[in-house]
Amino acid sequence: MRTKEIRLRRIQHLAHETMDKMNVDGEFIDSSTSKVVIDNLSRALGNLADPCGNYSLEYVEEKIEKAHYLLFKNEKKLKIK
């Protein structure tokens, strides 16, 4: 079982990789894919920003993984369920 810190570091890495790809690749501007990617990232961030500190790590992982997969189409980086 992964520790919370390892899971958060992995989530952070996937989010950074996703945003780097979106900033470098001009093809994602105003595309339907970019809207879904941004929606997933926003939902993950919104969940983490709960002022009470109540967030679901599973939910955040799911949203970040979906955003990353949409851009990279690489299931190897996703966790095996």
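Helices are taken here as DSSP runs of H or I with at least four residues, and strands as runs of E with at least two; on this basis, the protein chain of this predicted model has 3 helices and 0 strands. Read from the N terminus on, the elements of the chain follow the order α-α-α. Of its 81 residues, 31% count as buried.

The largest nonpolar core is made up of 12 residues, namely Ile11, Leu14, Ala15, Met22, Val37, Leu41, Ala44, Leu57, Val60, Ile64, Ala67 and Leu71. At least two residues of this core come from each of helix 1, helix 2 and helix 3, and the greatest contribution is that of helix 3, which gives 5 residues.

The largest pocket, with a volume of about 200 Å³, is lined by Leu8, Ile11, Gln12, Ala15, Met19, Leu41, Ser42, Ala44, Leu45, Leu48, Val60 and Ile64. Two or more residues of this lining are given by each of helix 1 (4–24), helix 2 (32–48) and helix 3 (57–72).

With regard to aromatic rings, a search of the whole structure finds 0 aromatic pairs. A contact of another kind involves the ring of Phe72, over the face of which Lys21 lies, at 5.6 Å from the ring centre.

Note on methods. Residues are numbered from 1 along each chain as its sequence is written. This is a predicted model: local features need pLDDT of at least 70, side-chain atom pairs count only at pLDDT 80 or more; totals for chains, interfaces and linings use all residues. Side-chain values use heavy atoms; hydrogens and water are left out. On a 1 Å grid over the protein atoms alone, a cavity is a set of points where a 1.4 Å probe fits but cannot get out, and a pocket is an open set with protein on both sides within 12 Å along at least five of seven lines; lining residues have an atom within 4 Å of a point. Grid points are joined across faces, edges and corners, and a volume is the space filled by probe spheres set on the points. Rings of Phe, Tyr and Trp (its six-membered ring) pair if their centres lie within 6.5 Å; planes under 30 degrees apart count as stacked, over 60 as edge-to-face and the rest as tilted. A charge sits over a ring if NZ of Lys or CZ of Arg is within 6 Å of the ring centre and within 35 degrees of the ring normal. A nonpolar core is a set of buried Ala, Val, Leu, Ile, Met, Phe, Trp, Tyr and Cys residues joined through side-chain atoms within 4.5 Å. Buried means under 20% relative accessible area, exposed over 50%, partly exposed in between (1.4 Å probe, protein chains only).
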